[in-house]
Amino acid sequence: MTRITARRRHPLARYAVLLFALALVGGVYTLISPASRPADAALASGKVDDVAEGKKLFEAHCSSCHGLNAEGTSTGPTLVGVGAAAVDFQVSSGRMPAANPGAQAPRKPRPAWVNDDTTRQLAAYVQSLGGGPLVPANEAVDPAKGNVARGGELFRANCIQCHNWTGAGGALTQGKYAPNLNEATPRQIYEAMVTGPQAMPVFNDSTITPEEKRDMIAYITDVREQTDPGGFGLGRIGPVTEGLVAWLVGISALVLAAIWITAKKRQAS
């Protein structure tokens with residue numbers, strides 16, 4: 001009678017098989033996946049060399065605060081993963097490069113070296129570092145294709161707490177503020193929603209769809225053209241200012257009226 005002896009497996013054999021399987025899957029994926037590209041933003045613009053030019057601009061104008069590889073420093077956050085839209089918003093509006101570090105970077109005139117080409121190149125370079133939201137297409141920010149009425153409803157539901165119902169802006173805590181939207185371009189408004197600059201929250205496409213963003217842009221740009229049927233708009237920043245002016249003017253009128261009546265009575269007596 002033949003005796004069959006079972007072979008004893010090595011205790012690490014199962015792990016070796018697992019590692020081999022993972023390596024095989026990774027190798028197959030590498031072969032069938034498309035080659036990585038330098039930056040989505042550069043390809044969208046049709047200029048692949050934008051990344052290289054953007055890197056030169058970054059090293060010359062941005063690396064002192066954000067680090068030579070955009071890793072961030074004590075004076076500037078990392079830009080890895082922020083995306084091209086964030087760069088386009090900050091640079092095109094003059095907020096970056098920042099003149100003086102503070103609670104919030106204000107909109108200001110752009111320096112001489114900043115133009116549409118250099119902004120696109122910087123955005124392409126930052127996009128190549130780790131992805132992120134892309135600069136929206138012209139159609140996505142065209143106010144003429146938006147629904148003003150629906151945009152007004154969305155704006156009042158999500159934005160007036162900080163920006164006022166007309167986009168006039170307002171004060172926040174710790175020295176920050178919601179900026180006036182009258183100077184913002186449609187593209188900058190869209191980019192602000194998808195990137196959440198300063199104290200603003202991010203409104204991604206699952207929160208507010210691209211079509212709804214376009215509707216909100218249509219409302220914001222439309223309200224700029226509206227007139228004030230009551231006369232002077234007082235900055236269009238709401239009933240607090242209107243009430244304060246009415247109170248001051250009313251009290252002043254009553255005081256003057258009381259003085260005039262008293263003077264008349266004295267003359268009569």
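A residue is called buried if its relative accessible area is under 20%, exposed if over 50%, and partly exposed in between (1.4 Å probe, protein chains only). The structure is a predicted model, in which local features need pLDDT of at least 70 and side-chain atom pairs count only at pLDDT 80 or more, while totals for chains, interfaces and linings use all residues. Residues are numbered from 1 along each chain as its sequence is written, and side-chain values use heavy atoms, with hydrogens and water left out.

Rings of Phe, Tyr and Trp (its six-membered ring) form a pair if their centres lie within 6.5 Å; planes under 30 degrees apart are stacked, over 60 edge-to-face, and the rest tilted. By this rule there are 2 aromatic pairs.

| Pair | Centre to centre | Angle between planes | Class |
|---|---|---|---|
| F58 and Y125 | 5.4 Å | 50° | tilted |
| F155 and Y219 | 5.5 Å | 45° | tilted |

Helices (H or I, at least four residues) and strands (E, at least two) are DSSP runs, numbered from the N terminus. F58 belongs to helix α3 (residues 50-61) and Y125 to helix α6 (residues 116-130), so their pair ties together parts 67 residues apart in sequence. F58 counts as buried because its relative accessibility is 1%; Y125, at 5%, is buried as well.

The pair of F155, in helix α7 (residues 148-158), and Y219, in helix α10 (residues 210-223), links distant parts of the chain, 64 residues apart. Both F155 and Y219 are buried.

A charge sits over a ring if NZ of Lys or CZ of Arg is within 6 Å of the ring centre and within 35 degrees of the ring normal. R156 lies over the face of Y219, 6.0 Å from the ring centre. The charged end of K213 is placed over the ring of Y190, at 5.9 Å from its centre.
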